[in-house]
Amino acid sequence: MTDQPAGAAQETALPPQPETVQYMRNPPEVPAQRIAEPGAPPGSGDLTDEMLRSDQWTDQMLQTAGIPVTDVPLVSLGGGIGSFVTVDYLRVAGVSTDRIKVLSNLDFAWQTYEYLTRVSQIPKPERIRSDSASRPDNLWGFPSYALAEAVTERKLAPLWQVLVEPIFDDYYTPKAGRVFAGLERESKRIGWNQMLVKGQIRMVRKRQGGGYFVILTPMAGSTPTKRVAYRAEYVHIAVGYPGLKYLPELQDFRTEHQDFHHVVSAYELHEHVYEAARTKHVVVMLRGGGIVASRVLQRLMDDREKYGLSTEIVHLFRTFISSSHGPNAWNRRKGANGFAYQGFNYPKSVWGGQLKSEMRRLEGQQRADKYKLMGGTNTPYRRRWQAQMKDGRDHGWYRTMSGTVDQMRLDHGKIVSCVKTQQGVVEVAADYIIDCTGLEADIAEHRVLADLLQHSGVGRNPVGRLDVERTFELRGAGSGPGVMYASGATTLGGYFPGVDTFLGLQVAAQEIADDLARRGFCRRIGTFRSIRQWLRWARNKQP
Amino acid sequence: MLPTLGGRIQTRLFLLAVVGGIVTLIVGPLLPLSVPLHVVYRDTFVILAAVAVIGIAWECLYHFLMQWRWEKDWPTLFGLLTAIPEGLLIWFLLKKNAIPGITGAVTWQAYVIDFGAVWLAVWLVANGPMRVPYIRWRFHGGRVV
């Protein structure tokens with residue numbers, strides 16, 4: 001994430017590490033209403049009252065404020081994988097590095113992703129949940145990760161797996177380390193660091209006369225003024241998840257007891273839980289039924305097996321899936337033992353097939369309903385996990401429950417959750433609770449997006465995120481010839497569902513690059529350019 | 001590639017014409033047939049055309065079967081194994097003289113080599129290299145245009 005949530009921002013001090021996950025300390029009643037920020041005096045190099053109030057800025061306003069302005073045709077905000085994939089497309093389409101700036105507080109594009117995968121129990125040798133041909137470092141998806149792994153490791157197994165998946169084997173998925181290595185190579189190839197400007201993004205405002213101003217708070221001491229501005233015709237917003245929040249009862253417990261040790265989020269460092277389990281008998285309660293819950297569960301089960309531990313796991317599902325589910329025979333998803341099973345976070349065809357085509361035509365409530373049908377928490381069916389869970393159920397150290405928690409209290413050092421089940425209230429005592437639900441905060445919790453919603457004219461889509469066109473242009477944000485685009489998690493709910501995935505970011509990048517080509521910003525990547533550029537990619541030559 | 005019905009048909013026609021055509025040209029002289037090469041080419045290209053035309057009906061069937069899959073996808077293995085029913089049907093039609101334009105006698109050995117080589121090449125190209133010249137193909141359900 002690029003910016004801190006409103007209300008918690010310390011603009012002059014950049015976070016010491018990729019603080020992607022920003023937690024809502026006190027969920028605001030009305031997130032859109034914010035305390036008015038006093039403006040700085042003119043000439044101070046900071047935002048003046050007039051600038052803070054105005055939806056549209058003139059060149060004169062910035063001059064009066066004393067904020068230096070840099071002209072660049074396209075600015076991408078975020079600097080994570082969303083920015084990376086889009087910029088990669090544009091570089092392949094022939095855009096030179098001096099025509100793009102990437103504003104970010106990240107040192108490298110996959111920094112946040114690497115942090116999140118690591119803490120949620122996917123270290124480099126483990127495999128992420130992504131398709132073989134979804135390569136953010138290779139817009140063609142060829143060679144696929146499976147083919148690359150087969151060649152470099154001289155093994156046929158990855159190729160065999162993609163051949164027989166998902167019928168006779170689990171879906172092939174790449175190792176996290178391979179993904180990062182590929183991104184690093186591509187980052188150097190496209191000259192990412194030449195385009196990267198480090199700092200905290202503050203806001204984007206329309207410019208009178210067309211285009212936009214982006215305000216950046218650079219690293220402390222790196223510039224003479226507190227703020228610098230970028231004047232751009234095209235702006236791309238890929239600031240990632242607005243923030244994650246805890247389940248309300250867990251948040252309340254943490255606040256009341258000031259206990260940030262026994263109740264933890266799977267998206268933050270919680271290695272101490274596994275360390276404790278290695279020294280004594282512990283009961284761990286898991287909340288959530290998605291991929292992160294599966295990962296945490298796997299870690300607990302692996303450690304149990306590896307070190308001969310006696311860890312007990314109580315897994316609480318809010319929605320317990322006991323069998324295949326869906327409205328009819330054509331729309332039935334597999335499920336069992338609490339989990340809904342699906343290879344990836346959406347049915348595969350949203351990334352290019354039938355569901356992508358259907359969704360593209362749906363509006364309003366119909367689209368929201370379709371999202372609901374294929375959404376919901378799910379996790380892949382992996383044979384190893386199944387065997388481990390079965391062993392746990394058979395031997396009584398892994399128990400599943402269905403219900404919600406009303407109250408939590410401390411009792412003799414244990415956290416007791418009062419679980420409301422269909423059979424009545426059941427008390428469950430645990431040493432640790434790991435929140436794997438990954439609830440996402442509202443987009444208005446993100447400072448840049450909140451400002452955008454307030455001043456640019458953008459709206460929300462049927463599921464409450466940023467409303468984008470099929471080309472990923474932000475509706476209502478046009479400014480003369482200037483266009484603002486958005487991709488990634490903030491656009492979930494649009495005409496294309498799989499936005500917050502590697503392949504989804506590439507779908508968005510392709511739409512954006514093609515739209516920019518229609519507007520004359522770059523060349524459209526045609527057949528011959530694509531082949532030539534792929535050959536350059538294969539030889540690790542600059543685009 | 002995750003197909004739509006239109007995309008399936010377009011991909012089949014395009015790949016059979018381009019990749020299938022090239023493979024047929026290469027394989028023709030190598031086939032164990034004792035007829036002049038121009039007869040071999042005529043017969044093998046007629047077979048190729050039959051695979052394309054009859055394949056449109058097959059694609060409709062595959063699309064129908066795909067509706068029972070939650071993911072609405074068509075696994076890689078299916079794309080390979082469908083060679084068996086399709087190959088058997090064309091062979092059956094050949095033996096019944098139901099494919100117009102065949103002049104020579106196509107032996108089963110020659111048929112297996114020809115059909116198998118074309119199918120394998122088309123399947124391999126569809127599962128990777130096709131994405132290099134056509135970057136939009138995989139995101140558009142397999143549509144070429």
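Predicted model: local features only at pLDDT ≥ 70, side-chain atom pairs only at ≥ 80, totals over all residues.
**Entry 1: helices α2 and α4 of chain B**

Ile47(B), Ala50(B), Val51(B), Ile54(B), Gly55(B) and Trp58(B) of α2(B) meet Glu86(B), Leu89(B) and Ile90(B) of α4(B). Here two residues are in contact if their C-beta atoms, placed from the backbone, lie within 7 Å. By class, I noted 7 nonpolar residues, 1 polar and 1 charged. Ala, Val, Leu, Ile, Met, Phe, Trp, Tyr, Cys and Pro count as nonpolar, Asp, Glu, Lys and Arg as charged, and the others, Gly among them, as polar.

Next I took the geometry. α2(B) and α4(B), residues 83-95, pack at an angle of about 120°, and their axes are 11 Å apart. Axes are lines fitted to C-alpha atoms, for helices over the stretch in contact, and angles run from 0 to 180 degrees between N-to-C directions. α2(B) and α4(B) are therefore oblique to each other. Angles under 35 degrees count as roughly parallel, over 145 as roughly antiparallel, 65 to 115 as roughly perpendicular and the rest as oblique. The crossing of these two helices is right-handed. That term applies if the near helix is turned clockwise from the far one by less than a right angle, and left-handed if anticlockwise.

**Entry 2: helices α1 and α2 of chain B**

I then followed α2(B), residues 37-66, to its crossing with α1(B), residues 5-27. Their axes come within 10 Å and cross at roughly 160°. That makes α1(B) roughly antiparallel to α2(B). This crossing is right-handed. I listed the contact residues, among them Leu5(B), Ile9(B) and Leu16(B) of α1(B), and Phe45(B), Leu48(B) and Val51(B) of α2(B). The contact of α1(B) with α2(B) has 11 nonpolar, 5 polar and 3 charged residues.

Helices (H or I, at least four residues) and strands (E, at least two) are DSSP runs, numbered from the N terminus.

**Entry 3: a sheet in chain A**

I moved to chain A and found 3 strands in an open sheet, in the order β16-β17-β18, with antiparallel pairing. Two strands pair if DSSP finds at least two bridges between them. β16(A), 404-411, and β18(A), 424-430, stand at the edges with a single partner strand each, so one side of each has no neighbour in the sheet. The twist averages 25° from one strand to the next.

β16(A) pairs with β17(A), residues 414-421, over 7 bridges. Which residue of β17(A) is the bridge partner of Val405(A)? I found Val419(A). Arg409(A) stands opposite Val416(A). The hairpin of β16(A) and β17(A) has 2 residues between the strands, and His412(A) in the turn has a positive phi of about 50°.

**Entry 4: where the chains meet**

I counted 35 residues of chain A in contact with 25 of chain B. On the side of chain A, α6(A), α12(A), α16(A) and α17(A) each give two or more residues. α17(A) gives the most, with 4 residues. That side has 19 nonpolar, 12 polar and 4 charged residues.

**Entry 5: confidence and numbering**

The predictor gives the complex an ipTM of 0.95 and a pTM of 0.91. Chain B averages a pLDDT of 96, and 100% of its residues score at least 70. pLDDT is the predictor's confidence in each residue, from 0 to 100. Local features need pLDDT of at least 70, side-chain atom pairs count only at pLDDT 80 or more, and totals for chains, interfaces and linings use all residues. Residues are numbered from 1 along each chain as its sequence is written, while chains are lettered from A and ligands numbered from 1 in the order in which they are written.
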